[in-house]
Amino acid sequence: MSNQKQNRRDFLKTSAAVVAGSSVPFWFDIDPASAYKFKAANDRPVVGCIGTGSRWNAVGPNAMKYGDVIAVCDVDAAHADKARNRVKDIQGKKGNNKEVAVFEDYQKILENPEIDIVTIVTTDHWHTKIAIEAMKAGKDVYCEKPLTLTIDEGKKIIKTLKETGRVFQVGTQQRSEMGQRFLNALGVIKEGRLGEITEVECVIGGIAPSGPIPVADVPKTLNWEKWLGQAPMTDYRWKANDGRAKTRCHYEFRWWYEYSGGKMTDWGAHHVDIAQWGIGMDHSGPTQVVPISAEHPVPLKDGMPTKDDAYNVASKFEVHCTFPNDVKMKIKSDGRNGILFTGTKGRMFVSRGDLTGKPVEDLKNNPLSSDTIKKLYKGRQPGDHMRNFYECVDAREQPISDVMTHHRAITTCHLANIAIRLNRSLEWDPKTEQIIGDDDANQWQSREQRKGYEINA
């Protein structure tokens with residue numbers, strides 16, 4: 001039996017198992033005929049993996065379902081070595097025993113003409129520079145969320161995407177997976193079963209303050225200067241903790257404004273994305289962003305942290321946004337994680353574990369139209385975010401989590417962070433993508449980049 005037929009058979013078995021095991025009924029038909037027709041083994045895309053930390057342990061193996069990895073890269077040699085071993089193990093079981101190259105410098109992967117696709121699973125502040133250079137090098141890109149550190153970075157990525165014509169998938173898996181609860185919720189909205197949407201609430205969680213984290217020796221396997229990239233040079237910090245250590249580095253980078261945007265961009269990249277899609281504003285943005293409340297674990301002065309030894313992103317917050325269609329969006333840290341849509345005909349709550357509300361209950365006797373989810377998902381079959389990317393690489397089409405819509409959603413999150421850091425409301429023009437009447441706040445669309453690590457588009 002050919003690899004193509006075997007892979008296709010495995011896929012159809014997996015699809016059936018997903019449906020059978022889902023805790024949420026599927027109110028639309030999955031059409032086996034729409035499944036991706038996998039390429040033969042000698043025609044599979046060749047992949048290079050840039051960034052191989054904890055999140056790569058999900059992204060990398062998924063990428064290997066549909067392509068062959070020949071190189072991995074990480075500024076932490078310990079991560080890179082583990083990734084190489086895992087690639088060799090996974091691919092070796094499929095009869096692919098080729099050597100896997102290991103690099104510290106991602107340029108080595110971009111320079112390799114054999115590589116068709118790169119996965120980018122680095123810290124947030126490295127995403128844009130690598131993505132832009134990868135597209136310019138002729139690679140298609142799968143990049144984890146949040147795609148950008150600033151609004152300006154999103155504009156640069158879109159410019160490069162248009163110039164190069166590459167295929168680019170952002171890792172917002174809620175658009176494809178999670179039992180398809182989010183797609184079902186969007187189907188309810190698109191069929192008008194909630195009536196006119198008037199309000200949406202995104203609860204995305206907060207963080208616990210770290211307290212002071214002492215300066216520590218940089219691990220021997222880590223190139224700290226290169227890890228920092230465009231961010232300012234600073235001391236490496238690390239403190240033992242029950243469970244995951246507190247640090248300026250791996251995983252905990254999310255809680256430092258120098259490298260990320262806290263929960264606002266971490267979970268906001270997921271929930272605000274779905275919310276804007278649901279209210280029909282995935283190609284637009286808010287007109288007003290109002291900070292209701294915010295707490296930061298360290299004092300801020302003019303929006304900048306005054307201490308460098310502790311987590312500095314907002315630990316608690318609430319921000320209200322108004323969109324051009326007059327829908328109100330609340331982005332909050334406190335409450336039940338998920339999205340609450342309120343319409344003139346009812347309310348509906350959706351999260352990774354639940355889809356509830358009267359309009360949802362009505363689906364048991366009055367299911368969604370068979371075309372509704374298909375149209376939402378650009379005519380393709382949902383269920384596997386990575387597969388959708390490879391399908392679109394093959395078809396030369398933009399996938400379900402395209403750069404343009406992600407940029408719009410994460411711009412809302414960036415604006416919310418600017419508002420809570422400056423502690424004032426912002427007026428935003430979603431057409432020109434400029435803050436109105438506040439030159440100081442407008443400057444926060446970009447950040448100074450350390451010499452040698454500038455982003456050029």
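Analyst: Note that this is a predicted model.

User: What caps the N-terminal end of α13?

Analyst: Aspartate 384 does, with a side-chain oxygen 3.1 Å from the backbone nitrogen of methionine 386.

User: Why is α13 described as largely enclosed by the rest of the structure?

Analyst: Burial is judged by relative accessible area, and a residue under 20% counts as buried. Helix α13 spans residues 385-395, and nine of its 11 residues are buried, so the helix is largely enclosed by the rest of the structure. Among the buried ones are His385, Phe389, Tyr390 and Val393.

User: Which residues are linked with Arg387 and Glu391 in a network of salt bridges?

Analyst: Arg380 and Glu397 are linked with them in that network.

User: How many salt bridges does the structure hold?

Analyst: There are 28. To read one, ask where its two partners lie along the chain. Arginine 55 and glutamate 144 form a salt bridge through their side chains, at 2.7 Å from N to O. Arginine 55 is in the loop between β1 and α2, while glutamate 144 belongs to strand β5, so this pair ties together parts that are 89 residues apart in sequence.

User: Are arginine 55 and glutamate 144 buried or partly exposed?

Analyst: Arginine 55 is partly exposed, at 31% relative accessible area. Glutamate 144 is buried, at 6%.

User: How should I read a salt bridge inside a helix?

Analyst: Start from the helix geometry. An α-helix has 3.6 residues a turn, so residues three or four places apart point the same way. In this model, lysine 159 and glutamate 163 sit four residues apart in helix α6, separated by about one helical turn. Their side chains meet in a salt bridge of 2.8 Å, N to O. Lysine 159 is partly exposed, with a relative accessible area of 38%.

User: Which residue forms a salt bridge with glutamate 258, and where do the two lie?

Analyst: The partner is arginine 248, and the closest N and O atoms are 3.2 Å apart. Both residues lie in the loop between β9 and α9, so the bridge ties together parts that are 10 residues apart in sequence. Glutamate 258 is partly exposed at 22% relative accessible area, whereas arginine 248 counts as buried at 2%.

Note on methods: Residues numbered from 1 in each chain as written. Predicted model: local features only at pLDDT ≥ 70, side-chain atom pairs only at ≥ 80, totals over all residues. Heavy atoms only, no water. Buried < 20%, exposed > 50% of the residue type's maximum accessible area, 1.4 Å probe, protein only. Polar contact = N/O pair within 3.5 Å; in protein donor to acceptor, adjacent residues only side chain to side chain. Salt bridge = Lys/Arg side-chain N within 4 Å of Asp/Glu carboxyl O.
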